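Here is a short report to read alongside the model.

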Amino acid sequence: MFRPLFLLPLLLFSCQDNSGAATATAEHSGISLSKNTASDEELQLGKEIYNAVCAACHLSEGTGDGKNFPPVAASDYLNEDPVRSIEIMLYGMDGKIKVNGKTYDSFMPPQKLTDEETAAVLSYVYANWQNAGFHVTPADVATVKEKL
Ligand code: HEC
């Protein structure tokens with residue numbers, strides 16, 4: 001997807017704001033995400049989906065296995081860019097990535113989830129395990145779909 005290089009430092013800067021304040025937002029590709037505003041219902045749905053789908057590879061506490069499956073707990077890669085996380089859910093992931101200083105080179109299939117489920121599972125992951133607290137909404141997922 002088109003992302004002007006000159007915006008990159010700005011994006012990285014804004015994403016690394018881990019202050020956790022409820023009013024903090026991150027701007028990505030015109031998508032603005034608030035932090036720590038997901039409802040209990042969204043987080044509960046996200047937890048159920050995480051345990052049913054993601055835990056098979058990323059393990060129940062999000063630690064991954066350190067070999068083929070990267071961690072989604074306290075993951076620098078995850079917290080750097082929530083819009084990229086939406087893209088990974090929709091389109092899967094292939095090729096080399098570095099997560100918390102370790103290189104992974106494997107494959108994640110696209111997740112066949114509704115916009116609501118995609119939003120809930122990402123909000124759950126971001127709300128836990130020392131992650132940055134981004135609240136992903138179904139509308140954000142729909143916006144990312146439209147852009148690609
Ligand atoms: C079949 C195994 C599998 C399943 C199921 C799976 N993933 Fe992944 N995931 C992977 C692999 C493998 C990678 C790394 C791909 C690479 O090396 O290019 C990855 C990468 C990621 C990343 C980016 C790297 C990181 O660790 O921050 C995120 C975020 C992620 N997955 C979240 C999820 C979520 C949320 C779910 C559930 C909806 C899920 N994954 C389901 C295998 C899986």
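The sections below cover the ligand shell, a helix pair and one further helix.

## Ground rules

This is a predicted model, in which local features need pLDDT of at least 70 and side-chain atom pairs count only at pLDDT 80 or more, while totals for chains, interfaces and linings use all residues. Residues are numbered from 1 along each chain as its sequence is written.

## Around the ligand

The ligand is surrounded by 30 residues, and Cys54, Cys57, Pro70, Leu78 and Met108 are the closest; a residue belongs here if its C-beta atom, placed from the backbone, lies within 6 Å of the molecule. Elements giving two or more residues to this shell include helix H2 (40-58), helix H4 (82-91), strand S4 (102-108) and helix H5 (115-127). Helices (H or I, at least four residues) and strands (E, at least two) are DSSP runs, numbered from the N terminus.

By class, the shell has 21 nonpolar, 7 polar and 2 charged residues. Ala, Val, Leu, Ile, Met, Phe, Trp, Tyr, Cys and Pro count as nonpolar, Asp, Glu, Lys and Arg as charged, and the others, Gly among them, as polar.

## Where H2 meets H5

The axes of H2 and H5, which come within 7 Å, cross at roughly 95 degrees. That makes H2 roughly perpendicular to H5 (65 to 115 degrees). Axes are lines fitted to C-alpha atoms over the stretch in contact, with angles from 0 to 180 degrees between N-to-C directions. Among the residues making the contact are Leu45, Ile49, Tyr50 and Cys54 of H2 and Val121, Tyr124 and Val125 of H5. Residues are in contact if their C-beta atoms, placed from the backbone, lie within 7 Å.

Tyrosine 50, part of helix H2, counts as buried because it has 20 C-beta neighbours inside 10 Å. The cut-offs are 20 or more other C-beta atoms within 10 Å for buried, 12 or fewer for exposed, and in between for partly exposed, with C-beta atoms placed from the backbone. Leaving out residues up to four places away in sequence, tyrosine 50 touches Ala55, Val121, Tyr124 and Val125.

## Helix H6

In H6 (residues 138-147), Asp140, Val141 and Val144 are buried. They cover an arc of only 100 degrees around the axis, so they sit on the same side of H6; the arc is that of the directions from the helix axis to the C-beta atoms. Their cover includes strand S2 (31-34), H4 and H5. Exposed Ala139 and Glu146 are on the face turned away from the buried side.

Threonine 143, also in helix H6, is partly exposed, with 16 other C-beta atoms within 10 Å.

Key: Contact = placed C-beta atoms within 7 Å. Parallel < 35°, antiparallel > 145°, perpendicular 65-115°, else oblique.
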